[in-house]
Amino acid sequence: MKQFGYVRAHSTQEAVQNAIAQQDSLYIAGGTNVVDRLKAFLDEPSRLIDVSRLDLNQIESTSDGGVKIGALVTNTAVANHPRIRQDYPLLSRAILSGASQQIRNVATVGGNLLQRTRCPYYYDTAFACNKRQPHSGCSAREGINRMHAILGASEHCIAVHPSDMAVALTALDAVVEVEGSNGVREIPVSQFHRLPGETPQWDSHLEVGELITAVKLPPHPTAKTGVYLKLRDRASFSFALVSVAAMVSVTNNVIQKAYLALGGVAHKPWRLWETEAYLQGKSADAETWQQATEMALQDAQPLSHNHFKVDLSKRAMERALKLSAERGSET
Ligand code: SF4
């Protein structure tokens with residue numbers, strides 16, 4: 001293993017300045033994905049910047065009625081927080097469906113957003129991978145691609161984003177707060193991650209040195225109806241083949257508002273804006289769910305081993321929409 005330095009940051013600006021001064025540094029907090037990557041020689045930073053002691057581990061109510069979650073709050077603490085469980089239950093369910101209890105106890109909110117794909121070819125340096133080494137090729141295209149993308153992929157990369165939490169945050173219109181050398185800025189979670197395009201080595205829109213400091217949840221009247229449905233090969237410690245975050249409010253059997261995002265199908269959580277617009281004003285019934293899911297997957301481009309994901313996504317969405325509508329019905 002290549003030797004690397006270590007520095008512990010005592011403030012967010014100190015962390016940022018360290019990262020800018022030595023741009024092949026890597027932030028580390030919980031380390032649940034970073035250490036895996038170091039051990040597999042995927043990342044060879046000159047220095048680790050330990051941000052785990054920064055004062056970013058509170059969950060607080062905001063003046064607009066929402067919630068601000070510090071970037072260092074553990075996945076377990078978010079999932080079990082009374083305010084999250086009561087007002088944003090699908091976020092709690094999404095987090096609890098991911099990883100294992102031991103990993104959730106140390107994994108942080110910021111790290112969860114920044115975890116990298118679990119494409120097996122990315123983790124095995126014997127195979128070509130454009131994400132690990134740009135312009136080297138994509139072994140998954142002609143390889144085993146059962147777990148890979150059906151939406152938004154490119155010829156350069158067909159990987160999917162592995163986070164469950166990010167799918168729920170995308171449906172909830174959450175915002176990522178980041179700090180860099182020019183101060184603090186906010187990025188909607190739906191715009192935080194990139195599609196692979198020609199540069200699959202970049203997963204997010206973070207600038208050099210920028211550090212995630214918090215995630216903000218807006219007040220969300222529909223969030224209590226939220227459903228997170230995850231379909232996977234085994235019941236725990238397994239990444240999604242397909243997951244759905246759905247929130248639907250219904251009055252007199254008419255859909256007032258719907259929020260939908262898919263996981264396990266693209267390089268980023270896949271928000272379904274057009275399908276949401278289609279649902280508004282429609283009857284909350286089986287025909288509507290079926291037509292909405294057809295619309296949602298009309299641009300799907302399955303690979304040699306994952307045609308099943310198209311139908312699986314449709315069935316999962318129908319189920320999640322139905323369950324959420326039942327929770328969100330006023331009459
Ligand atoms: Fe690498 Fe992406 Fe291809 Fe996987 S899908 S081998 S991560 S380029």
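User: How far apart do the C-alpha centres of domain 1 and domain 2 lie?
Analyst: They are separated by 37 Å. The protein's domain assignment gives residues 1-53 as domain 1 and 225-330 as domain 2; such bounds come from an automatic or database domain assignment.

User: Before going on, what kind of model is this?
Analyst: It is a predicted model, in which local features need pLDDT of at least 70 and side-chain atom pairs count only at pLDDT 80 or more, while totals for chains, interfaces and linings use all residues. Residues are numbered from 1 along each chain as its sequence is written, and side-chain values use heavy atoms, with hydrogens and water left out.

User: Now the ligand. Where does it sit?
Analyst: The ligand sits in the largest cavity. Sitting there requires more than half of the molecule's atoms to lie within 2 Å of the grid points of the cavity or pocket. On a 1 Å grid over the protein atoms alone, a cavity is a set of points where a 1.4 Å probe fits but cannot get out; a pocket is an open set with protein on both sides within 12 Å along at least five of seven lines; lining residues have an atom within 4 Å of a point.

User: Which residues are closest to the ligand?
Analyst: Cys119, Cys129, Cys138, Cys157 and Ile158 are the closest of the 14 residues that surround the ligand, where a residue counts as near if one of its heavy atoms lies within 4 Å. Helices α8 (120-123) and α9 (139-142) each supply at least two residues of this shell. Helices (H or I, at least four residues) and strands (E, at least two) are DSSP runs, numbered from the N terminus.

User: How does the shell around the ligand divide by class?
Analyst: It has nine nonpolar, four polar and one charged residues. Ala, Val, Leu, Ile, Met, Phe, Trp, Tyr, Cys and Pro count as nonpolar, Asp, Glu, Lys and Arg as charged, and the others, Gly among them, as polar.

User: And what lines the largest cavity?
Analyst: Its lining has 16 residues, with Cys119, Cys129, Cys138, Ala140 and Cys157 nearest the centre. By class, ten are nonpolar, five polar and one charged. Both α8 and α9 supply at least two residues each to this lining.

User: How much space lies in the largest cavity?
Analyst: About 90 Å³. The volume is the space filled by probe spheres set on the grid points, which are joined across faces, edges and corners. In total, two cavities of 30 Å³ or more are counted.

User: What about the second largest pocket: which residues lie nearest its centre?
Analyst: Those are Arg118, Cys119, Pro120, Met147 and Phe239, from a lining of 21 residues. This pocket has a volume of about 350 Å³, and its lining is made up of ten nonpolar, eight polar and three charged residues.

User: Changing topic: which phi does Phe41 have, positive or negative?
Analyst: Phe41 has a positive phi of about 65°, although it is not a glycine. Most residues other than glycine have a negative phi. Phe41 is in the loop between α2 (34-39) and β3 (47-50) and is partly exposed, at 44% relative accessible area. Here buried means under 20% relative accessible area, exposed over 50%, and partly exposed in between (1.4 Å probe, protein chains only).

User: And where is Phe237 found?
Analyst: Phe237 is in the loop between β9 (227-231) and β10 (242-251). Its phi is also positive, about 50°, and it is partly exposed with a relative accessible area of 45%.

User: Is Asp164 buried or exposed?
Analyst: Asp164 is buried, at 6% relative accessible area, and is placed in the loop between α9 and α10. The C-alpha atoms of Asp164 and Gly263 are 6.9 Å apart, although 99 residues separate them along the chain.

User: What about Thr222, buried or exposed?
Analyst: Thr222 counts as buried, with 7% relative accessibility. It belongs to the loop between β8 (211-217) and β9, and its C-alpha lies 7.9 Å from that of Lys257, 35 residues away along the chain.

User: Last one: how many residues of α5 are buried?
Analyst: Six of the eight residues in α5 (residues 89-96) are buried, so this helix is mostly covered. The buried ones are Pro89, Leu90, Leu91, Ser92, Ala94 and Ile95.
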